[in-house]
Every structure is written in C-alpha cells, then in structure tokens.
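Hi everyone, thanks for making time today.

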Number of protein chains: 2
Amino acid sequence: MAPSKVDLKTPKGTRDWDGDAIVLREQIFNTIKTIFERHGAVTIDTPVFELKEILTGKYGEDSKLIYDLADQGGELSSLRYDLTVPFARYVAQNGLQQIRRYHIAKVYRRDQPAVAKGRMREFYQCDFDIAGTYDAMIPDAEIIKVIVSVFEALGWSGRYTIKMNHRKILDGIFQVCGVPEDKIRSISSAVDKLDKMPWADVRKEMVHEKGLAEDVADKIGEWVVLKGGKDLLEKLQSDASLAANESMSQGMADMGLLFEYLECYKDTLDAVSFDLSLARGLDYYTGIIYEVVTEGSAPKAEGTEAAKPKDKKKKGKTSEDDDRSDDPTVGVGSVAAGGRYDNLVGMFSGKGQIPCVGISFGVDRIYSITKARMAAEKAAEVRPNKTDVYVMAFGGKGFDGLLKERMRICDQLWEAGISTELLHKAKPKLQAQFKAAELSKIPFAVILGQEELIAGQVRLKQMGLSESHPEKEGTLIAITDLVDEIRRRLDQMKRLDHLTQSASGLRVVDGVRGEDVATTTAEPTTTIPSA
Amino acid sequence: MAPSKVDLKTPKGTRDWDGDAIVLREQIFNTIKTIFERHGAVTIDTPVFELKEILTGKYGEDSKLIYDLADQGGELSSLRYDLTVPFARYVAQNGLQQIRRYHIAKVYRRDQPAVAKGRMREFYQCDFDIAGTYDAMIPDAEIIKVIVSVFEALGWSGRYTIKMNHRKILDGIFQVCGVPEDKIRSISSAVDKLDKMPWADVRKEMVHEKGLAEDVADKIGEWVVLKGGKDLLEKLQSDASLAANESMSQGMADMGLLFEYLECYKDTLDAVSFDLSLARGLDYYTGIIYEVVTEGSAPKAEGTEAAKPKDKKKKGKTSEDDDRSDDPTVGVGSVAAGGRYDNLVGMFSGKGQIPCVGISFGVDRIYSITKARMAAEKAAEVRPNKTDVYVMAFGGKGFDGLLKERMRICDQLWEAGISTELLHKAKPKLQAQFKAAELSKIPFAVILGQEELIAGQVRLKQMGLSESHPEKEGTLIAITDLVDEIRRRLDQMKRLDHLTQSASGLRVVDGVRGEDVATTTAEPTTTIPSA
C-alpha cells in the first residue's frame, strides 16, 4: 500500500456492524425493547458526551477508562461510560420524582478489547431502570422478571443464571469478619474477582496487596464462596453473629421479601442464584446487585497464574495486535448486570434522593454468543434487506432495455408500499438482473418483455423454485392486477413463515420460503386473519 | 446552588430527547426507515469516532468544526462529522463494488447552535446512498423518488422544494464566465450563500474578499439567479457559449436524462426546482447536488447587513448564552441535502473509484418544524409509553393491598405479551393508582377486590369514560378469561384507531380512544381483517 494512503480500519476496539450481524443485532434489540415496553418504560436519548464533571467521581478505579474529548475551547466533556450516570443526571436535572425508562445506546470504555468475544471499547447497553420511592423490593423483583423475560424471549431458556447479592449483606459480612470500614470497598472489589480466580488468589490479593489481616481474610472466605437459594438466606439468618449486624439484618429482610415476591413471577426462582461472591465493581450500588452469566462468561483456563493479565505488548498499533479474543483467560463476561443505587441522583440534586434500581444488557456479548450458537446449529439464512420484488426486463435482438417501463412498474409498486429494486442500467443483461435478485434472496421477480407489455401484461415469477416446479417460468399477470397479486402472495408467504417459524423465541429467519406460495389458493386480502 | 454541586445540563448544543419529543422523533425515524427499506437498502452502523486521518481533508473550510478525542495514548480519533465519509471508508475497506445502504445516527459539529430551530452540535442524520457503477442518472433519479416519498409520507405534500443543480453545470458557468481554475471552489462557496443573502452581497464577497474581476462577477450574476425546470435546461442548452464548454455539456446531458426519468416517478417533477444558485459547501460532490427546503428554511430577515453573523459573545459559558434560536438571521436551513460524489471512495482505496450518490435527512430540523406545526394545529395527545393495562387493588377496612395477587395478575398479562404496570406499593391508595394510570393515558384498568377474587373475578374498566357511560364502573370478568378479553378489546381499539386516524401520512396519535370500544360487539380475534 502506498504510504500516502491512510490505514483503512475503525479505531481500536470499535467495529462496523453490517450484513447478517446487524440484522441479527436489530432482532435482539427489538426483542429487548418489546419486553421493556411491556413493563411500561418510556425511552430517553441523552447525548453521547456529558460534561466531564458529571462523570467525575462515579466509577471508582474504572474512571481511568473514560474517554475525554479534546479541549478545543469551551466546556470539557467526556464520552459516556455507561447509561446510568447520564440517567441520574437527567432525573436530577428535571426534578423527576419517578420514571421507568429504557435506553438502548452506545457507551465507551478505554479498556483492552477482545473483539470476537464482544468485549469492545464502543459497545451497546440496553438499560431498564425504575426510579421512585416505592416499597422495598417490589421494583427489584420486577427487574428480575424483566431479565427472565428477555432471556426467555431470546431463546436462552435454561442456559443463563441470574447471580444476585445484596450490598448490605456483603458489607455486613465484612463488618462481622472485622474488615476496617475504610477497606470495605477495596475488599469488595477483590471478592468480585472470584468468578475469574480461585479463592486462594483472591485471599492473596486481600492480604498482600490490600493489607488485610490473614484471619479476617479467612473468615471472609468461609462466607463468600457460598451460593444457593432461599436455603442460603436461611443459613445466614440462623447465624447469630450475622443477625446481630444492622446492615446484615436489613439486607436479609430485603432478600426475604424478594424470594417471596419472586414466587409470583413465572420462571424467576429457577433462574436466580443467591451468590455471596458477587460484589460488582461500581461504587454507586446500595442494595441488591445482579449479574447474568451464561456458558462462556467465565474464562476457559482454570490455572491461577494464567488468570493474571499478560504483559502489554509494546507494538500495539492495530486492533489485531492488542485483541484478547484468543486469550483463554478472558471470558465473555456477564451478559447483563445491574442493581439498586439509591444515592446517585442525590449526588446531582440538592433536592434529596430518588431511589433507583435497574439492569443493563450487554448486547454485543449477547450477539457474540447467539452468533456462535447459530453457526453451531447451522441456522437458516438471513435476508440482507427487505426487498420483495426485483423488476427486470428481457428481450431478443434490438432489445432497448425497457428502462422507463421498468421505472414505471417500480414506481407503481413503491407507491403501493412494496419494497422493490431495479438494476440501474439502461440495457441490463438478464443474467445480471437474476444474479442481483438471487444475491439479496429477493422472493419475487417481475419480468418485462416487449410483447407482453403490448398486451398490458408482465411475468411474475417466484424465485428459487426447483426446475420441475410447474410455475418455474412464472405466470403472466395484467399490469393493472400486479399490485394486488403481489400483495396476495406476500401475505401468504408471511402466513407460511409464521407457521414454519422456529420454536425458539428469537426469529432469526425473515422468511422461510416454501414452494407452496405460488400454488396456494388465493384468498381476498381483507379476510386473511391477522393472528 | 451550592458551589460543590455540578452544573446540571447537557453540553452546549446537545439535548436530551424524552417525552412527546422522542415519541414523535421515533415516528419520523420509522417513516424514513420504511421508505429506505422500500428501496432495497441495507443498514450499517459505524463507530461514533473514526481515526482522525480518515476525516482529514474531506470537509474543506468546515474541518475546523470537527470534534477531536483527547490524546490519551494510542490512536488519534475524531467524532464523525457526517455519515458519508465513514460510509466511503467502509466501502473502500471492504472492497465493495456496490451497495445501497441507509444509516440513521448522530453526527457532531462544533458550530454555533440554535437549539429551538434544530441546529445542534449533536444531531441525527438519516442517510440513504447508492454506490456502484451504473448508467448515468438512474440512481440519481431514484434518490429524488426517495426524497419525495419521505416528505409525502411525513405529510408535507406541497410544502417542500427539492432544489437541485449539477456541479459540472456550475463549474461550466464559472469557466465560461472567466473564473480562474484555482478560484472555482471558493467562488462556488460564495454562490452557495444566495439563499441567505442577496446577490449584491454575494457579488461584494466575490470581488472584495475573493479577488474576482468585477465583469466576471457580473457575468456569473446573470446565470446563478436563475431557477426553473426543464425550461431552464433548454435555455442553457440554447446558449452557444455554454454549450461549447465540455463540463457544461456533460452536466446538461445529465440533467436532460434526469428530467426524462423523473417523468416515470410520481410527484417528483412537481417537487424539484432546477436552481443555479445551489452550490453546496462540501468539496467531495462531483455531479448532481440536492437540497430540500421548506417554510422556515431561509432566515426571516431580508436586510443585507443583518444577514451577516453577529459579533461573538465573549461570555458564552452556558448553551443559553450562545444559542441563536431567536436570531432572525438564522433559518432552520435545509431539511435534507446530498448529491453525487464519485471520487470519495477512491480517496481511500487504491482499487479505483466507486461512484456514489445519496441524500441525508436532517431529522432534528424536520422534528422542529413538525412540532411547531402540531402545536399550531393543536394535534391530539401523544401516549408516553405502550402500557395498555394498569393493575390496581381496592378495599375497605383491613385492606392488605393484595400485592401478591396484583403481581400474579401482572405476571399473567406479561406472559401474554400485554404491556402492564402496577403501583410498587404494598398498600396503595386507590386514588394514587388511578392517578398513575391517567398520567400515562393507559386505556384499561384491572381492579382487584378481596370479594371478587374469592369468586375468581376481577373488574376490567376502560379508562376515560364519561360519568354517564353505562360501563363507567367496568365489568366483572373471570380471571381465566382476562387475557382473552383484554386482547379482544385492544384489537378493537386498534381497528378504531386505524379508522379514525388523521389523513396526514404521519401518525401522531398512538391511540384515539373512542367510547365505543367497551360496547362494540365482540368478534373472534382470528377473523379480524389484517388490513
């Protein structure tokens, strides 16, 4: 490549979404959005960058990952790190007392990427949050219902776990075990690594890096490795030293209510795991915390040393150099995470606290897992666009391409709302037109010929029929009937698609096109059931 | 405000989208997206920032408006200025020979904002482009069809004009008039200001600022004030000195074809204006250029001095200080713009040119105009969310709130895909529940009472019925029938909405709720027409 040419790539840790990927991703978005709207959420859209001071002091150790805009005069701004802090700013700025909002948008983190695993520097979050002063654990339980509904709708039934814990329980354990108050958040961060390293390594970090007494670490170790359901809560409740702790007893009361409420919400109790090792890195959580994991979330390697980050490469100019996709010590991570943050809005507003609880779905990771599974299952093909009809022309010697005639037919179909294309050539070859239609898996061709046009007709042909099919050559249709006939066939196709659709919740294939469409008996459009 | 509190606002020239605004904006997006997909476009999603060198040298004088990311180590990047350059980078990077793509996303310009007029620093573009080597003006004509379809679908019929011109015609005129080759782009920029200032001022800029000879400027002045249709093209063609110019004759041949092709595409010829003053600022256009204007696009003030930019205010810390919304010399500007750019992909790729033509819709401005018109027309109310049912409880003395019973009914409705909310209080007041339902304009309430529950029933009530309506108090329904009954009523409501929908293309109201829904005779869901 000539040196004057620029490096043709996207910035490190970012990607273009196109082709099958964006079609699949849009389906995931729509699935999630449908669930959010089913729970009464409105959507908001905040700027991609916020004033820098809005983000300052909200992310603890991770603040170093924030992208700043250059100082070109005027206000200092940074790209948003998540959708939660902008949401809290929005609630405070508008003095809202309550809102359920969802927000699907990109966030930015200057982290080491692992592109194939969906760990990116620019990635999507799909957030659902409930803000307002309500009774304990009622919104928190609904969040779990939302999580379950999303993964069930994505077809992940039985393949995901909602790990949950409570900050007050965790803090209570730390207090009872004897962790000094000023070390609680850093010890909490160490515990959070238990999904990536064994207890022995976490203990080492606590004692050697964070200066915790060995016996305190050992006491912590007895508790944080525990997980279970209501049984675990009962175990905690039966421990007198824990029950005497104020923070602990508040947290346990909350978890007790939660387990009661989840009994009302289908599929939730089977999906949750009360996991005392879950801590979550961010400072702003105050109550329940959630993290959804699935196959591939944890790193493959189990060794202790291997789990430590490798030396950074010095070269690192292109994204390939630094990508950690092949690193067995890097898992996909959680596919959704969230929790209760009752003090964040109050950090912005002088008008008191607005309690909040929410969940954020990591769509890039959900996409990566879905894509890998589809490849393994050899799922059916995806149509790249929505075009239903390709208008083409065909003729022998002296054929002039029938350009304006093709344009007029296209115009008629567009005006009827039918997605239609033509080849942008004055005298196109028939082969080129068919190839274009096949490439985009377009279901119907309308073929113009000079003689048929004189008779006021065109040929309507279903694409992809076998050689032996009686309608392989298509049928002649009066131009005046063309729109109605195409609508009739598209409606039939939609009904067949509906019937042959896969049982899994996520619709991957836009159209499974049976050979029966062309020959099915016509029904007037207006009486086709809408179900 | 205490000094420790941060300034609660979005960065200058940006805004939050929420409430009615985002509902209306989403409807505009969907209208545009439907048209794009009707013309066979696929969508792509590129990163919000690109490597800085990708953007360098593409925007001429406007390059100073590009936002850079801070240099925090690693690659230098900038926020995208438009969607066109990232598209060209994408086409070159992937070695594509042809693609029709649409892209709806935010772009960034460090310009002086006028928020109420939709002139923002962060704003949305909706782009549709056709890349590929095709025959002259066939894709260009389809772009005009797309523009017309979008504005007709938005209900702007008769209220917009597609100004069009051809870079080769403009350059031909400049050459024939005697503009030196190295001044052509800067003289072109001056001509482009004719929509904001009178010819006398543009002439002054040419002569005094850009050093053009007075007689050359006068010759230009004879041509660039002309506008019309095919008649104008014929006038140009009949001028021997113009016809002899190579660039001019190529441009005129193109425009001749275009007028021919537009005859095939409904509503297009009425919408276009061949306008020799249209020049467009960006360097990369090589053929036809488009700009769509409407009422409010041009500034209000007609004076010559007033049209010049005012002195910049020094203070300018908050967006209010610098906002130009009240400045009569600032119009909304164009609501869509685009053109042919045959050399841009080749600037990135060593593999030769991929000709492109496209259009970009400015949704923030379209939104501002639509909103102002709706306010003037007192358009019907917008529902903030999609919730169809509010589940509430009611009881006398000793009422325990029926929380779990409400949760179970909600769960049943959610599982059936019905958007449902409950008040997150253990013992809610009836008034608070009704208020919440009314606030969100939720059409139905399901009311639980202890006695009814024992009988396996709940009360289903349509909200907003008048005091005298026979079903004002709602009807008792068996819990086992609840889902079916709600579905039946929602289907009827949808049909009524469809029938009472306004004639304008854009559906502003999500639900016009007649009083007839409760009393309409039931029909089995499966035979309701889908039309």
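**Where the chains meet**

Between them, chain A and chain B bury about 9,000 Å², and 55% of that is on carbon and sulfur atoms. In chain A, the residues that lose the most area to chain B are A:Asp45, A:Trp414 and A:His424, which together make up 9% of what that side buries. Please keep in mind that this is a predicted model.

How many residues does each chain bring to the contact? It is 99 from chain A and 99 from chain B.

Now for the polar side of things. There are 60 residue pairs in polar contact between the two chains, counting pairs with both residues at pLDDT 80 or more. Helix H16 of chain A, residues 403-415, supplies the largest share of the side that touches chain B, with seven residues. That side of chain A divides into 42 nonpolar, 23 polar and 34 charged residues.

Salt bridges also cross this interface, 20 of them by the rule used here. One to look up on your screen is B:Glu421 with A:Arg100, where the closest N and O atoms are 3.5 Å apart.

Searching the whole structure turns up two cavities of 30 Å³ or more. The largest holds about 70 Å³ of space, and its lining includes B:Val91, B:Leu96, B:Lys351 and B:Ile354. By type, that lining has five nonpolar residues, four polar and one charged.

The second largest cavity has a volume of about 30 Å³. What lines it? Here we find B:Lys163, B:Asp192, B:Asp195, B:Ser277, B:Leu278 and B:Glu291, which divide into four charged, one polar and one nonpolar.

Definitions and conventions:
Residues are numbered from 1 along each chain as its sequence is written. Chains are lettered from A and ligands numbered from 1 in the order in which they are written. This is a predicted model: local features need pLDDT of at least 70, side-chain atom pairs count only at pLDDT 80 or more; totals for chains, interfaces and linings use all residues. Side-chain values use heavy atoms; hydrogens and water are left out. Contact means heavy atoms within 4.5 Å. Buried area is the accessible area (1.4 Å probe) that two parts lose on being put together, summed over both. A salt bridge is a side-chain nitrogen of Lys or Arg within 4 Å of a carboxyl oxygen of Asp or Glu. A polar contact is a pair of N or O atoms within 3.5 Å; within protein, one must be able to donate a hydrogen and the other to accept it, and residues adjacent in sequence count only if both atoms are side-chain atoms. Helices (H or I, at least four residues) and strands (E, at least two) are DSSP runs, numbered from the N terminus. Ala, Val, Leu, Ile, Met, Phe, Trp, Tyr, Cys and Pro count as nonpolar, Asp, Glu, Lys and Arg as charged, and the others, Gly among them, as polar. On a 1 Å grid over the protein atoms alone, a cavity is a set of points where a 1.4 Å probe fits but cannot get out, and a pocket is an open set with protein on both sides within 12 Å along at least five of seven lines; lining residues have an atom within 4 Å of a point. Grid points are joined across faces, edges and corners, and a volume is the space filled by probe spheres set on the points.
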